[in-house]
Amino acid sequence: MKKFSQLNSGVLFLFFLSVIGITMFTQNVYLRAISLVISIINACFFDVITDYFKDFRFYLAVFLVITVSNPLFVHRGNTVLFYVKNTPITLEAMAYGANFSLSMIAVLAWFRIFSTLMTAEKIVEIYGKRFATLGLIAALTLRYVPEFKRRFAEIADAHRSAGLICEDTWFEKVKSYLKIFMSLAEFSFEKSANTAVSMNARGYLLHKRTQISHRKFQFNELLVLILTLVITVCVIVFSLTHKLSTSFYPSFKTDFSMLPTILFTILTLIPTSFELEDRLKWHLSNAKN
Amino acid sequence: MNNSIPSLIFVSVCAIFLLISLVKTARRKSAGFISITAVLTALSVVGRIVFTPLAGFKPCTAIIIIAGVSLGADAGFICGALTALISNIYFGQGMWTLFQMFSWGLIGVLSGILSSQLGKYKWNIYLFGAFSGVLYSFIMDVFSVIWQDGGFNLARFIAYAAGSAPFCAVYAFSNVVFLLILGPRMIRSIERVVLKYGLLKEN
Amino acid sequence: MAFIECEKLNFSYPYAGDKSNGFALHDIDFSLEQGDFLLICGTSGSGKSTLLRLLKPEISPNGRLDGKIIYAGKFLNDLPKIASAAEIGYVFQDPNAAYVNEKVYSELAFLPQNLGLSPETIELRIAEICAFFGLESIIGSDICSLSGGQKQLVNLAAVMTAYPKLLILDEPTSQLDPISAERFSDIVLRIRREMGTTIIISEHNTEKFFNFADKILYLENGHQLAFDDPSLFVKKAANHDFLPTSAKLFSSFKLDNCPAFTTSSAMNFVRGHYKNAACDQFIESKNHLNGDAVKVENAYFSYTRRGKDVIDSLDFNADFGRIHAICGANGSGKTTLFKLISGLKTLRDGKIYIDGKRISSYKSGALYRNLIASLPQDPHDIFICESVKEDISTSPDGEKYDFETVKTFCKRLNISEKLLDLHPYDLSGGEIQRAALVKLLLLEPKILLLDEPTKGLDKRCKRQLSTLLKELAAEGKAVIFITHDMDFIAETADDVTLIFGGKAVSSLPVRQFIMQNSVYTTAASLIGRGYFDETMTDSELISSAVSRKNERGDGDE
């Protein structure tokens, strides 16, 4: 079995779309709680947990701000804590805020994992099949960005030693930077012509380009794909039939449905299972040696 | 909730816009178009990275407008959507990526459609720049509100808009400054290179 | 039957005064068999690139074409597009311009993908080409992190994945340092030996290829002045600049059967025809410079806190009125030294004196007013306006210079009126360099720094630059430049410093430097060593050889 990161990028994208989508749009506390807890577990496995802790203060701030501010805008709810200028601050509104901010933190954790897995190459891979033009433009952009960053620094040096940079006031600084940027732009436009010539010289636009897929679609990917789709559909169906709703107003009331909750747990644990199996196999094979 | 239906419609319309634009721009294009669009997108991304020390100054919107005006709505959309996707590789991906893709993509398409108007009178493009800055903030705030409340909450929206107003003003101002100093110059340069090398000619 | 033929080829661009200044080709006529190696020589703007591009239909310039180009028995224009892409490969001059993808693997796959080959075939091709070029260690790397030489190898490999029958290379090594150029040339020759590919290459520096070429084509101003095999060419040729030193030597003797055009065969020739001359010992003249322009004392610098010291206990002196060359391998610290001297970076330890004062005592910007001016590797970098005229006549503060002064400088640097109205990127390499120099000289600097000014220039431009630098030194300026080009150093410099591992390993007057070394030296010096000891440059070698022509040699003739 391969690592989770090596799965087909389209499958990965769908996986994250459904997990993040469900976390965001469901109101069910259980689903959101599961999402939050397992997102942190996964973050450990994907080495993102250190970054996560670095931003802990940010997350705390987010939590507090949203929890506290929600009652200022929403005044429904039965349990009134106190009044501020005749507007009621209700417990339910705060609870709603807390619920929402927890889901947001979970979403941020999932996105962190998403960023580590979805490297630039993978983005191009998704586009590459259907949207060849878009994929090629994305690939070209990705290859230009580091080069332009370097060129910007080089041109800045050249401008500085030709006396063209002035940093006295903020405005002067902006003007100097813009001059450098314009030099970079001129350079890059000429560059684009060279790239176009190079592409044409190698037969671009001849006819259908072969797409190189590094791996064939494997059973694992199919499994993940099917699980993702089935579980997502199940959750949606249950939500629409009001079996999964949580409402805070007028008072706290939540549903609990066994099936979708368990299925969602399975879904979120898919990356974990890949990683566990990978590490287990590694240790076992090492132990043999 | 009553609020959620119009919001749902709004979000669906935006999603449909994104999908249609994606499909439309998937047509075969000449190598020259691909490379000049990629260059502009890369400039936009690098611009965002390089101007971070000068807080609040993001040349992205201006460059996207320039792309739309000189190369058409297709290029404007691609430049806008990809700027969001790719610059967030450096700044952090999040739900905001999709919002940014939509806002910037929309601005790109608009500047492409209105390109003849914007080219005619100098002040048009500066106004459009300011307008785009406002539009961008507006859309981002709308999306944030919808996400949070599951529907449109006017009070919260006003609060968000008020909170982001200073950023919005700086943003619109920086767009105008950028377009003022470099806008016409960049458009001229792009046209020069397109003409000199025949970039937009089909093979 | 000939593989490639040009019959009475005439070409003109559609507009006069367009980017190429209306260059045309007149009556080009040549033919090649399959597997031949053709070397095209000529100054910049002689039409070499135009001719090469006409041989590749996808990138042919627009214009009016008279005459025929025949490829494998058919007209080139009738060649189907797939065949054209697969059978004719083209490598461009600038290693940074040609690649399209981020990773080496994707770049190698680009051409086969366009040809519609199956994924398995593509993988196989990449594996083969990778083995041939030795790219295994970098196959997964980002191209942008590779050196110039490696990038150019990747570009060549990307074209070879289709196993083309004809390989066209447009000045492929002109932007590379000598070692990378050497490696690249070796691979090209190996392709010719082992794959039987027909190769057409244009170069300014013909040292490596001249010996292996089957035919030489010499163009000037679009006219074909010669199409011969190398021996005949050398016999007929006047002392052409672009010939390798050995060829120039043989040419001045009008030999019928030239030995190989390599330095060693020239050395053999000299050994056989001349008496051994005792050489004067050079008086060791250390510290002949007092560093009144630039003085670097015991400098230490590294880019990162824990990183290796890029500048490690370096001492350097440059004087006013003298031309100082800095050479050394890539990564030895030359560019860093320049950045330190021009105030772009600061030393961790040690002192730098500019014009007698500590560099830190200059307020921001004062260093660049009437003191130091730097010419970057790409002169386009310092241009900010849309026309050359507007750019060079505006000072950094925004005021306009007196136009008469500007015109005087332009005349002195050979910049014609019509160049002034053009956009900076419409100028050729030599022209933009001269325009940039005008811009810098108007600042009236006392010290002029030039970063690899000879990259991509033909010999004529190099000579013009050499003359200019000597004039500037005679006016009292200090001229310091970085280069790999030993011939240029021999022609131009007064002093040379060799940087290795962040130190100045050798800092001597030029003649002493060149005469002592075996690698950082000129071919002329190696050929004449022990026989013509005062020779550094090709012209000195030729004149010494000719003036002592009637000597009997150590062996009989």
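Guide: The discussion below takes up domains, sheets, cores and a chain contact in turn. Please bear in mind throughout that this is a predicted model.

Visitor: Let us start with the overall division. Into which domains is chain C divided?

Guide: The assignment gives domain 1 (4-228), domain 2 (243-275 + 530-557) and domain 3 (294-523). Domain 2 is written with two segments, 243-275 and 530-557. Between the C-alpha centres of domain 1 and domain 2 of chain C there are 34 Å. Their contact involves 4 residues from domain 1 of chain C and 6 residues from domain 2 of chain C. On the domain 1 side, the classes are 1 nonpolar, 2 polar and 1 charged.

Visitor: How should I read a sheet, and in what order do the strands of the 4-stranded sheet in chain C stand?

Guide: In general, the strands of a sheet pair through backbone hydrogen bonds, in either a parallel or an antiparallel sense. Here the open sheet has the order S12-S11-S14-S15 in chain C, with antiparallel pairing. The edges are strand S12 (311-318) and strand S15 (357-358) of chain C; each has a single partner strand, so one side of each lacks a neighbour in the sheet.

Visitor: How many bridges join strand S11 of chain C to S12(C), and how many join S11(C) to S14(C)?

Guide: Strand S11 (residues 294-301) of chain C pairs with S12(C) over 6 bridges, and S11(C) pairs with S14(C) over 5 bridges. C:Tyr300 illustrates both pairings: C:Asp312 stands opposite in S12(C), and C:Asp349 stands opposite in S14(C).

Visitor: Which residues touch the most other members of the largest nonpolar core?

Guide: That core has 254 residues, and those with the most contacts to other members are A:Ile137, B:Ala42, C:Leu39, C:Val294, C:Leu337 and C:Leu449. Helix H8 (residues 154-197) of chain B contributes the most to this core, with 15 residues. A second, separate core has 41 residues, among them A:Ile66, A:Ala109, A:Phe111 and A:Ile231. Returning to B:Ala42, its contacts beyond four places in sequence are A:Thr141, A:Tyr144, A:Val145 and A:Phe148.

Visitor: How many residues do chain C and chain A each give to their contact?

Guide: Chain C gives 45 residues and chain A gives 41 residues. On the chain C side, the elements giving two or more residues are helix H2 (81-87), helix H3 (104-114), helix H4 (119-133) and S16. The largest share, 5 residues, comes from H3(C). By class, this side of chain C has 28 nonpolar, 9 polar and 8 charged residues.

Definitions and conventions. Residues are numbered from 1 along each chain as its sequence is written. Chains are lettered from A and ligands numbered from 1 in the order in which they are written. This is a predicted model: local features need pLDDT of at least 70, side-chain atom pairs count only at pLDDT 80 or more; totals for chains, interfaces and linings use all residues. A nonpolar core is a set of buried Ala, Val, Leu, Ile, Met, Phe, Trp, Tyr and Cys residues joined through C-beta atoms within 7 Å. A residue is buried if 20 or more other C-beta atoms lie within 10 Å of its own, exposed if 12 or fewer, and partly exposed in between; C-beta atoms are placed from the backbone. Two residues are in contact if their C-beta atoms, placed from the backbone, lie within 7 Å. Ala, Val, Leu, Ile, Met, Phe, Trp, Tyr, Cys and Pro count as nonpolar, Asp, Glu, Lys and Arg as charged, and the others, Gly among them, as polar. Two strands pair if DSSP finds at least two bridges between them. Domain bounds come from an automatic or database domain assignment.
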